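The sequence and structure come first.

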Amino acid sequence: MHAAIPTYTESSSIYSFIYVSHKCYENTLTKIPRHWIVDEKKDDGYTALHLAALNNHVEVAELLVHQSRGSNSNIPNEESKGKANMDIQNVNLQTALHLAVERQHTQIVRLLVRECCNLNIPDKDGDTPLHEALRHHTLSQLRQLQDMQDVGKLLMGLGTPGADKKSSASIACFLAANGADLNIKNKKGQTPLDLCPDPNLCKALAKCHKERHSPTSGPQNTVIIRNDQESLQECMVCSDLKRDTLFGPCGHVATCSLCSPRVKKCLMCKEPVTSRHKIEECVVCSDKKASVLFMPCAHMCACDGCAALMKKCVQCRSSIDKLVPFIVCCGGNPPPAPQPPGIMNNGSRDTTKDVQKLQQQLQDIKDQTSCPVCMDRLKNMIFLCGHGTCQMCGDRMTECPICRKSVEKRILLY
């Protein structure tokens, strides 16, 4: 015999009732006389599901969103009785998903997304849950993302035991992989990607979103590839300014000069940062920005053109053992080494140009020694003007075919 179920008119009351009794009554919601009461709002617009998402009460949230399924499926519309509306908004136009993302309650987020809630509902500022997740992406979370560059692990780790404190980056990737719109703008005209502080995470979000709509997408892990010129030049913290600070002793360039004082460990290699040097213009030509790191002294004071001519560092006069390009200091791949002239890709010597050069020289010699009249025989007769022809043509000439002077005498060459 079940206890009598009282009638509640406020979401706070119905929430308290469900929270206390959810372990005892798995079919609590189906016993409420008025099923719409689970969506009853308080004065601030909060429903029972809002409160469950805010306080990370996973069991209550599960009870609200799908406990009534199959309770009496033979009766029309009976399946939806007692089931909370996941897309109801409070006075700030926030849904339960907004609140769960804001508090980083990942199990609630996973539950709501699995139950097909709307991922793109904007709040009063026009922000979707994805906007909210990326806004909370802090510097410490950025470091965590650098450690875990496998997006597949981010997605698989979301909602697992002990994963409640996962970063907002994990939530953002999870939302993008389940269809959150990356291009929707808030009232300030910002898309979610505009709020993302890390270009690598932007790529991961775009990759997750693309793979969802790709017919060949599967459960394989996605690895972040960081080698395009534009993203490698952006500051890894603010993404607004260019990288211009050299960290010591690792020799990496990861941030701008404004963000570098906040970084205690290199965002690329995790080594403690003991020195920070802003990269200035080349001390030799003063025309280009310094872009080559000298090793082992770890100074960057010359451009690539000037550095190629140096044997010693112009700053400390130490011998240069190795030149490291700027793109490598930023985490990219080194540019391909230029091939020496005349060397093909397989290492053999390219003789094509040599043959062409010899052929051209041979043709010039032929032009100089051939008869200008018949262009067939060699010159073996000259006139007093200095021009010549072959003997057969010269015997018939009364005027020089080149300068048109009268032929007074013919001289044979042997």
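## Annotated spans

Helices (H or I, at least four residues) and strands (E, at least two) are DSSP runs, numbered from the N terminus. For residues 371–404, the end C-alpha atoms also lie 16 Å apart, with 12% helix and 15% strand. Both spans come from an unreviewed UniProt entry, which places the feature "domain: RING-type" at residues 235–270, 282–317 and 371–404. UniProt positions are given in the numbering used here, feature names are shortened, and annotations may be inferred rather than shown by experiment.

## Confidence

Residues are numbered from 1 along each chain as its sequence is written, and side-chain values use heavy atoms, with hydrogens and water left out. As this is a predicted model, local features need pLDDT of at least 70 and side-chain atom pairs count only at pLDDT 80 or more, while totals for chains, interfaces and linings use all residues.

The average pLDDT of the chain (the predictor's confidence in each residue, from 0 to 100) is 75, and 71% of the residues score at least 70. Over residues 20–26 pLDDT stays under 50, and the model has 8 contacts (heavy atoms within 4.5 Å) for them beyond four places in sequence. Residues 159–166 likewise stay under 50, with 14 contacts beyond four places in sequence.

## Backbone geometry

Most residues other than glycine have a negative phi, and most peptide bonds are trans. The table lists departures from this pattern.

| Site | Feature | Angle |
|---|---|---|
| Gly248 to Pro249 | cis peptide bond | omega near 5° |
| Met295 to Pro296 | cis peptide bond | omega about 15° |
| Ala298 | positive phi, not glycine | phi near 65° |
| Arg404 | positive phi, not glycine | phi about 65° |

Pro249 is in the loop that runs between β1 (245–248) and β2 (275–278). The loop between β3 (292–295) and β4 (299–302) holds Pro296, and Ala298 is also placed in the loop between β3 and β4. Arg404 belongs to the loop between α16 (391–394) and β8 (410–412).
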